[in-house]
Amino acid sequence: MTLSILIWLPLVVAVLCALAPRVAPRLALLGALATLAIAISFVVRFDSGHGMQFVTDRSWISALGISYSLGLDGLNLVLVLLSTVLFAGATLMANLRADWERPGQFYLWLLASETFVLGAFCAQDLILFVAFFDLMLIPFYFLTGIWGAGERPERVRATTKLVIYTLVGSLLMLAAAVATGVLTAQQHDADLTFSLAALARTPLSTGSQEWIFLCFAAAFLVKMPAFPLHGWLPDGYRTMPLPALSAFSGVVSKVAAYGFLRIVLPVFPDASVHFQELLLLIAVASILYGSAMAFSTTNARLVVGFSSVAQMGFITLGIFALNQDGVQGALLQMVNHGLVTLPLFFIVGLLAARAGGSEDLRDMGGIAFRAPVLASLFLIVGLATLAMPGSANFVGEFLILLGVFKAKVVFAFVAAVGVAMASVYVLRAFIRAMHNRVGPSVDSREVGFGDLAVLAPMVLVILALALYPQFGLKRSEAAAQAAVAKVGPEINIIR
Amino acid sequence: MNVLTLAAAHAKAPHIDYAGLSPFIALTAGAILTLLIGLARGRWVRHATPLLSIATLGAAIGLGIWQFDETTSLVSGAMLADDLTWTLLFAFAGAGIGATLLAWRSRAAQEASPGEFFSLLLFSILGMAILVAATNLVTLFLGFELLSIPLYVLCATELRRERSLESGLKYLIVGSVGSATLVYGLALIYGATGSTDYAGIDHAITAGNGVGGDVLLLSGIGLTLVGLAFKASVAPFHQWTPDVYEGAPTPVTAFMAVATKAAALGVLLRLFDSALVGSQLDWAPMLAALAAITIIVGNVGALGQTSLKRMLAYSGVAQAGYLLAGVIVATQLGAKATVFYLVVYLAMNLAAFAVVVARERVEGESDDLASFAGLGRTQPLLAWPLTIAMLALAGVPATAGFIGKVFLIDALVDGDYAWLAIVLVVGSMISLGYYLRVVATMWMREAPAATASGIPVIAGGSQEADAAARPQPEVLAVAWIAAAATIVLGIVPQPLFNLAADAGRALSGIF
């Protein structure tokens, strides 16, 4: 079974959904679960000792040296699994709400985005990656614009903002990607190729690397989003329908972080070292800004949204520690963050349903009394988010801070403040929603079986990863080492 | 008898390769025949003329395929029949077939009498073919005029609509200025090099070892460029474009937008990358500046438009800027990229204009963006092709527009014009603003009440109007075939790459 099946299966199911709108919800769920099963089969067959595996490499556009090249290694294996888990969860979430207008098209776009995300994770050719990276956005454009919350003109504006912000970065990246291939071919007098492995073997001159690096960084930082490129986030998050949002926040931001590891560090090593402090600065700013916003906003969605900015800041921090500890921490943290994002957004939806449809924390309160199970699930997810010792998030953040501490001490100290701030905003949201005085329009009730079907598996996965974080660490060790091989000052083995 | 043979031996009539000339002959014969059939009375003429026109274009394509891969000099060096000529001929004929189908039941063709309408269309295509095949300045001008004059008339074929007449007149005046500038420029080039023949000009420039100081030649190149820029609607010579596009009957607009642009870019490619390639260092910066201005002006201009035809006009201006990029670098790669993007551009625009035509027949004269609201729900068959066309024009992956842009950027970076690649990318970013607005209007806004209930806005409510509420099959076919081509070429671009590579190789003077 090749990776192509994994990638294209969701799209095939998506088209079927569009053609048969009546059975679309069930069909989509089946498709998402089948994709998850295929992803699991890849994880089982994966051999941690080897590098790139399950390789598909075919010439796509030979005239331009572009190939259809896919593969799995320690960097993307766990992220592929994460994507399939989250998309299965998101499809299930969507299934719980039966009243989508034009369900055929809704599931078409939802599953199409899964194909594009998986494609971006698996691509081993620069242009192929860029293509999937850009394509990822189109489904979310339609999902937000057609099925989003809020008044129509406002929604269209939010959608357009989202798309323009992120595509501006992507198009810069397209020019930079083509330039990478052409200039590499010129400088090394070689055939034009966009194969990532080949590009990593023949680095560009430092001058070319620097401007190209900035284009790539812009694309990735917008997508994450990182401060100060997060302008689309508040509007976008407020309007996006929840299933789409949980997939978007959980996975799409990870593609950006993954792009740094897969492309930027190996292919532009000199520029990565050169701009290390700039990126660390952006990361720390994102942590502080995201945390501050998360404990000052009262919109529950935005609490989660801004906490993502802070978490993505941590991930960027880990990547640009430019050593193995930081990178492994970042990879683990990507998985952790993806796993908590989906249940958090789902819980936001449940809370809103209990607070008269409002997603404002001020309208909530006292929900825990009648819904103890919901409260405990929320607490588990919340504690994982604030990186309680014992959770996998703690391991992730610890590794990141350890990495940064070895690289640039000052940034580690400032970033450590962010860890404390996380507990403030998570607990504040929890207390305001679950405890305190019962809100005026609050009508609390326990979670239903359908809701549990989404929450329970996710919480179990979070707990499992807390007990056994080596699941990800072990598989990513070699790849993380390789990713920083050209930029890291020293190689250190800590386990 | 003896005397006659002697005379024949002495009189050196130019050798004419009828096989190489056959596509041109087919177009001429078809155009005249269409005109003659148009004189007949009876309703069948309405359908006979477009059919004949399509058959003619099909014959031209067939003969072109027959002659493909053979490089022959026609009429003692006046024209060159090579793969570039044929590839572009396929593009013109494809655009012509599309335009014919769109015009089949249009008001323009009926009012102007179908025979004349389709005959003029064919003559214009003949002019384009001669223009891009020309290897002599005189032939170039001949083709240029043969292409332009029928178009002036075609723009004004909706005789009872003032805007159409205005558009024809405007195009005539601006076009004449362009022609005059062009002919002046050609004369100066002849004056500077002493030859009207491309090969001779190339030889003179190369022998002169760079022309940095030759004011005569440089002004000639400059004026020629301006003349052709008018036709290709390259900024700042683009001001006529939105008005003419908006006023002209939509099938004619579609034809002008794709075929005329292809012809103008084709001749730029032939002239600058073969005859004038020796002075590339002189004209390339000038052309690059024009391309940058065009990209920015076109994209910014399109942002404020509410009429879809005007928007497509400005978007066409911007796309002309992208297309120029391949000419500037004067490399094989650049020529291939331009040809590739030309074909892609043709498909994308035909799809968009076909949808506009279909909507116009329901909504009357309005091509206002608001009349597309809710199209995704009411008429998904029309909404999808337009969505695909818009996304492709914006350069979204999995469409041919993406591959085309990658190709152009590739050529630019390779030719040391990386800054222009950045301008191209910035232009694409701006373009998202208006392309996505069309998509948003179709999918994310409610249809106005009148259209949603299926009653056409135009008054009358006759049977004819009711029948028009559903898009005609041939218009729908153009939209879907063009949109499907856009997607298929975005996923399997190799066949088009091969075609573009053949066309590029025809320009043997560049590497």
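Guide: Helices (H or I, at least four residues) and strands (E, at least two) are DSSP runs, numbered from the N terminus. Residues count from 1 along each chain as its sequence is written, while chains are lettered from A and ligands numbered from 1 in the order in which they are written. This is a predicted model, where local features need pLDDT of at least 70 and side-chain atom pairs count only at pLDDT 80 or more, but totals for chains, interfaces and linings use all residues.

Visitor: OK, what ipTM and pTM does the predictor give the complex?

Guide: The complex gets an ipTM of 0.84 and a pTM of 0.88.

Visitor: And what mean pLDDT does chain B have?

Guide: The mean for chain B is 85, with 91% of its residues at 70 or more; pLDDT is the predictor's confidence in each residue, from 0 to 100. Residues 451-468 of chain B fall below 50, and this stretch has 19 contacts in the model beyond near neighbours in sequence. Two residues are in contact if their C-beta atoms, placed from the backbone, lie within 7 Å.

Visitor: Which residues of chain A stay under 50?

Guide: Residues 491-495 of chain A do, and the model has four contacts for them beyond four places in sequence. Chain A averages 85, and 98% of its residues score at least 70.

Visitor: How many helices and strands does chain A have?

Guide: Chain A has 20 helices and two strands, and chain B comes to 23 helices and two strands.

Visitor: Why does the radius of gyration of chain A agree with a compact globule?

Guide: A compact globule of 495 residues would have a radius of gyration near 23 Å, and chain A has 21 Å, so the two agree. The radius is taken over C-alpha atoms, and the globule rule is 2.2 Å times the number of residues to the power 0.38. The C-alpha trace of chain A spans about 70 × 55 × 45 Å along its principal axes.

Visitor: Switching to the interface, how many residues of chain A are in contact with chain B?

Guide: There are 27 from chain A, in contact with 28 of chain B. On the chain A side, α5, α6 (137-147) and α7 (152-188) each supply at least two residues. The largest share, 16 residues, comes from α7(A).

Visitor: What is the split by class on that side of chain A?

Guide: It has 22 nonpolar, three polar and two charged residues. Here Ala, Val, Leu, Ile, Met, Phe, Trp, Tyr, Cys and Pro count as nonpolar, Asp, Glu, Lys and Arg as charged, and the others, Gly among them, as polar.

Visitor: Back to α5 of chain A: at roughly what angle do the axes of α4 and α5 cross?

Guide: Helices α4 (residues 103-122) and α5 (residues 126-135) of chain A cross at roughly 150°, and their axes come within 8 Å. Axes are lines fitted to C-alpha atoms, for helices over the stretch in contact, and angles run from 0 to 180 degrees between N-to-C directions. The two helices are therefore roughly antiparallel; angles under 35 degrees count as roughly parallel, over 145 as roughly antiparallel, 65 to 115 as roughly perpendicular and the rest as oblique.

Visitor: Which residues make the contact?

Guide: A:Phe116, A:Gly119 and A:Ala120 of α4(A) meet A:Phe129, A:Phe132, A:Phe133 and A:Leu135 of α5(A). Six of the contact residues are nonpolar, one is polar and none is charged.

Visitor: What about α13 and α19 of chain B, parallel or antiparallel?

Guide: Roughly parallel, therefore, for α13(B) and α19(B): α13 (residues 280-303) and α19 (residues 418-444) of chain B pack at about 10°, with axes 8 Å apart.

Visitor: Last one: where is A:Pro225?

Guide: A:Pro225 is in the loop between α9 (206-223) and α10 (233-239) of chain A. A cis peptide bond joins A:Met224 to A:Pro225, with omega about -10°. In chain B, the bond from B:Ala235 to B:Pro236 is cis too, with omega near 0°.
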